[in-house]
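Have the sequence and the 3D view side by side. We will go from the whole chain to a sheet, then to some helices.

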Amino acid sequence: MKNTLKLKTIDVNEDIENIKTAAEILRNGGIVAIPTETVYGLAADAFNGEAVKKIFEAKGRPQDNPLIVHISDFSQIYSIAKNVPESAKKLAEKFWPGPLTIILPKKDEIPAETSGGLDTVAIRMPSNKIANKIISLSCPLAAPSANISGFPSPTAFEHVEADMTGRADAVCDGGDCEVGVESTVITLVGEVPTLLRPGGVTLEDLQSVLGDVRVSDAVLNPLKNGETAASPGMKYKHYSPKAEITVVRGNIGEFAQFVNNTSDFDGVMCFNGEEKYFGNKIIVTFGSENDSFSQARRLFDALRELDERGAKKAAVRSPSKDGVGLAVCNRLYRSAAFRFVNAFKRPIVGLTGQTGAGKGYVGEYLKKLGCYVCDTDKIARQITEKNSPFLGILAENFGQDIIDENGELKRNLLAERAFKNKDEQLKLNSLMHPEIIGISLERCYDALGNGASAAVIDAPLLFECGADKYCDTVISVTAPEKIRLERIMKRDSITQEQAKRRMSVQHDDEFYTEKSEFTVRSYGPYDIKQELKTFKDKYLNN
Ligand code: TXA
Ligand code: MG
């Protein structure tokens, strides 16, 4: 146990003596918890491997998880990064000092302890005045969040005190952190800039400077088996309070009904003003529903509060993913170990039918009724576009040469290989279908979260790919052969012969009627409104 010095560092001028003390401890190889605008950091001299080792011991942090080097002046970047590309300068100009971390190739002077053994290094210039002063009076500082590894990051001095007393040489009291979630991490190593961790600088902000920015799959998803983390921090259990957290999706009415009927939940984490919906529960709020910044600021404190008040199992409202909301979701999903429950009372609807039967027209009508319509054909195109991570999976299974030197999919070559025999065709389907279904469902849940009256999965092969299993109900659209034939010829400008060939591989009407709750006709004299009346009355009028 260390004798930990407590230093008040609220004001740069008034508290300058304490700031100097902190800087001196750091220059001498000690570790000090310092405030930043994102979360508190546990700092050490970034160039001193022995000092940096103490951070890992104090936090109980895995050794291969690299640290961020914090600077106070842009010129310091040249002593840390091997080269500084134009894109890094542009980002720095716009967002530094501030909550953005940039990953670049590292100089040899940065020890392996700091970079977690990688040949790259993460760099950030915090805007917090106390942090800036401590760095300028000492040196560039390696600093992870000042929590015990795995716990929520500290955003208030009480959190740091609780986690780091006895572990750090000193803890600085700089009040509450403004942003509340850790910095955005972007890597500029590699072909396309990639967002590894969302934060206070949003994806939209980054795109406004760099144009194309990829989002690492790990931002909103657990790592798949055998997948390596682009950012080692993503692979660890993270931000977890002791209480078991479950993200319950639905609007406040659906959420409250579900949670109040589930006695298992003794805790609730809801948005401001929603406390009144819950009876006998431990209730904690985390910001306003329509203000992601307020959620970011409150998130970690709210998670810690659940523990302090003794909650064992807590249901948490599902925030929007827009803007800073992406950072809130990224942290919250991890703290919940990706445990989700859907409390939607509004349905997921499958929409299918033969080509030319008028499915598109029905979809347009449903949109007018406030439904979200997810176009699976479009998703199939998106996941096979250049730079889509899914192309890598296809290449692994069908040969690397199906991707050309520009990174584009050679569609004909893939088709040739996949349609060679039944097994290969099944293999392609077994890769494509779950991917498309997964993305469709995610989009549907988002849309329901944003208030859609129903989410519709528009899929010509709804039954064939097994997506109907995820639907509460299915609408099929049918039309007599003659009408379909005319529509297809007109729509795709093809001959009768070609249109007939296409239609011949399709199922007949009975196939659809048997498998669907609703069969509708979208041709005269029938009227879509009348055709969908029972569906509408049953599902959309609440
Ligand atoms: O806001 C913040 O960034 C806070 C404050 C203290 O500045 N710091 C912070 O550090 O959150 P930490 O260590 O908790 O998170 C650093 C993240 C980890 O996910 C780590 O894996 C990633 O950045 N990282 C660091 N260096 C990296 C590198 N060379 N390549 C890829 N990821 C890296
Ligand atoms: Mg951390």
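Begin with a term that comes up throughout: contact means heavy atoms within 4.5 Å. Angles need a word too: they run from 0 to 180 degrees between N-to-C directions.

The model you see is predicted. Its chain has 20 helices and 21 strands. The C-alpha atoms fill a box of roughly 85 × 60 × 35 Å, taken along the principal axes. Of the 542 residues in the chain, 54% are buried. Now take the contacts between residues at least 6 apart in sequence: 68% of them join residues at least 24 apart.

Next, find the open sheet. Five strands form it, in the order β14-β13-β15-β12-β16. Their pairing is parallel. Which strands stand at the edges? They are β14 (282-285) and β16 (340-342). Each has a single partner strand, so one side of each is left without a neighbour in the sheet. On average, neighbouring strands of this sheet are turned by 25° against each other, direction ignored.

Strand β13 (residues 267-270) runs parallel to β14, and four bridges join the two. M269 stands opposite V284 in β14. C270 stands opposite T285 in β14.

In a regular strand the side chains alternate between the two faces of the sheet. Check the faces of β14 with that in mind. I282 and V284 lie on one side. I283 and T285 lie on the other. All four are buried, so both faces of β14 are covered.

Helix α9 lies across β12 (244-249), β13, β14 and β15 (313-317). α9 runs at about 165° to β14. Helix α10 (residues 325-335) lies across β12, β15 and β16. α10 runs at about 125° to β12.

Stay with α9 for one residue. S292 is found in this helix, which spans residues 292-308. Is S292 buried or exposed? Buried means under 20% relative accessible area. S292 has 15%, so it is buried. What does S292 touch, leaving aside its neighbours within four places in sequence? It is in contact with D322, V324, G325 and V328.

Now turn to helix α3 (residues 86-95). Here A88, L91, A92 and F95 are buried. They cover an arc of only 100° around the axis, which puts them on the same side of α3. The face turned away from this buried side carries the exposed residues E86, E93 and K94. What covers the buried residues of α3? The cover includes β5 (100-105), β9 (184-187) and α7 (203-210).

Finish with a pair of helices. Helix α14 (residues 411-418) packs against helix α15 (residues 422-449) at an angle of about 125°. Their axes are 7 Å apart. That angle makes α14 oblique to α15. Which residues make the contact? From α14 come L414, R417 and A418. From α15 come E424, Q425 and L428. By class, this contact has three nonpolar, one polar and two charged residues.

Methods
Residues are numbered from 1 along each chain as its sequence is written. Chains are lettered from A and ligands numbered from 1 in the order in which they are written. This is a predicted model: local features need pLDDT of at least 70, side-chain atom pairs count only at pLDDT 80 or more; totals for chains, interfaces and linings use all residues. Side-chain values use heavy atoms; hydrogens and water are left out. Angles under 35 degrees count as roughly parallel, over 145 as roughly antiparallel, 65 to 115 as roughly perpendicular and the rest as oblique. Ala, Val, Leu, Ile, Met, Phe, Trp, Tyr, Cys and Pro count as nonpolar, Asp, Glu, Lys and Arg as charged, and the others, Gly among them, as polar. Buried means under 20% relative accessible area, exposed over 50%, partly exposed in between (1.4 Å probe, protein chains only). The arc is that of the directions from the helix axis to the C-beta atoms. Two strands pair if DSSP finds at least two bridges between them.
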